[in-house]
Amino acid sequence: EVVEFYNTVKKHFGRVDVLVNNAGINRDHTLAKMTDEEWRAVLAVNLDGTFFNCRAALPLIADGGRIVNISSMVAQTGNFGVANYAASKAGVLGLTKCLALELAPRNITVNAVCPGFIDTEMTQSIPDTVLQSYLDKIPLGRSGTPEDVAATVLFLASQGAAYLTGQSLGVNGGLYTGD
């Protein structure tokens with residue numbers, strides 16, 4: 001399906017200027033309760049999907065193009081009950097760094113965005129008491145929005161980020177300031 005998609009892109013547009021890998025699912029359980037299927041499903045979408053898209057798009061990405069991979073703050077910090085999600089998004093960070101080195105000779109930048117607590121469908125099912133405990137820890141005092149993440153992706157896709165590659169930018173309101 002991915003190869004067919006890029007064949008269609010090639011036919012209609014001829015090239016790819018910016019690739020954003022934004023797929024992500026979660027199947028949260030502690031490791032002791034996680035099924036093999038939950039582990040594999042999350043890795044398949046979050047990490048394998050990023051890999052397959054990058055590989056299929058490579059021949060079409062114009063020199064000077066951009067790849068932006070969406071990872072997660074939990075790839076950097078870990079969190080209770082999300083081993084499959086954290087591992088998949090940490091894999092995206094490793095893939096980002098390797099591709100940045102491989103594609104630098106073509107002046108293609110490869111970076112990652114690591115959202116923290118963002119108000120999306122994935123986070124809206126969190127009970128209010130747990131939600132408030134997360135919000136209390138965020139220095140900016142609020143959850144992020146999809147627009148906050150999109151603005152960071154837009155920056156990384158722009159000429160203003162032409163000298164950034166192999167980097168991960170946290171969009172987390174100051175909740176995690178490492179790396």
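**Aromatic rings and their surroundings**

Mentor: Let's start with Y134, which has a relative accessibility of 27% and so counts as partly exposed, since that label covers values between 20% and 50%. Keep in mind that this is a predicted model. F117, by contrast, is buried, because its relative accessible area is 11%, under the 20% limit. Now put the two together: F117 and Y134 make a stacked aromatic pair, with 5.4 Å from centre to centre and 25° between the planes. F117 belongs to the loop between β3 (109-115) and α5 (128-137), while Y134 is in helix α5, so the pair links distant parts of the chain, 17 residues apart.

How many aromatic pairs does a search of the whole structure find? It turns up three. One of them is F5 with Y6: their ring centres are 4.9 Å apart and their planes meet at 80°, so this pair is edge-to-face. If you're wondering why both numbers get quoted, a pair of aromatic rings is described by the distance of the centres and the angle of the planes.

Leaving out neighbours within four places in sequence, Y6 is in contact with V16, L19, N53, A56, A57 and L60. Two of those names, V16 and L19, come back when you look at the largest nonpolar core. That core has 16 residues, and the ones touching the most other members are Y6, V16, L19, I67 and V110. The largest share, four residues, is from α4. There is also a second, separate core of nine residues, and V113, V149, L156 and A161 are among them.

The largest pocket has a volume of about 1,100 Å³. Its lining is made up of 39 residues, and S72, Y85, G116, M122 and T123 lie nearest the centre. Here you meet α4 and α5 again: along with α3 (74-77) and α6 (146-157), they are the elements that give two or more residues to the lining. The most comes from α6, with four residues. By type, the lining divides into 21 nonpolar, 15 polar and three charged residues.

Notes. Residues are numbered from 1 along each chain as its sequence is written. This is a predicted model: local features need pLDDT of at least 70, side-chain atom pairs count only at pLDDT 80 or more; totals for chains, interfaces and linings use all residues. Side-chain values use heavy atoms; hydrogens and water are left out. Rings of Phe, Tyr and Trp (its six-membered ring) pair if their centres lie within 6.5 Å; planes under 30 degrees apart count as stacked, over 60 as edge-to-face and the rest as tilted. Buried means under 20% relative accessible area, exposed over 50%, partly exposed in between (1.4 Å probe, protein chains only). A nonpolar core is a set of buried Ala, Val, Leu, Ile, Met, Phe, Trp, Tyr and Cys residues joined through side-chain atoms within 4.5 Å. Contact means heavy atoms within 4.5 Å. On a 1 Å grid over the protein atoms alone, a cavity is a set of points where a 1.4 Å probe fits but cannot get out, and a pocket is an open set with protein on both sides within 12 Å along at least five of seven lines; lining residues have an atom within 4 Å of a point. Grid points are joined across faces, edges and corners, and a volume is the space filled by probe spheres set on the points. Ala, Val, Leu, Ile, Met, Phe, Trp, Tyr, Cys and Pro count as nonpolar, Asp, Glu, Lys and Arg as charged, and the others, Gly among them, as polar.
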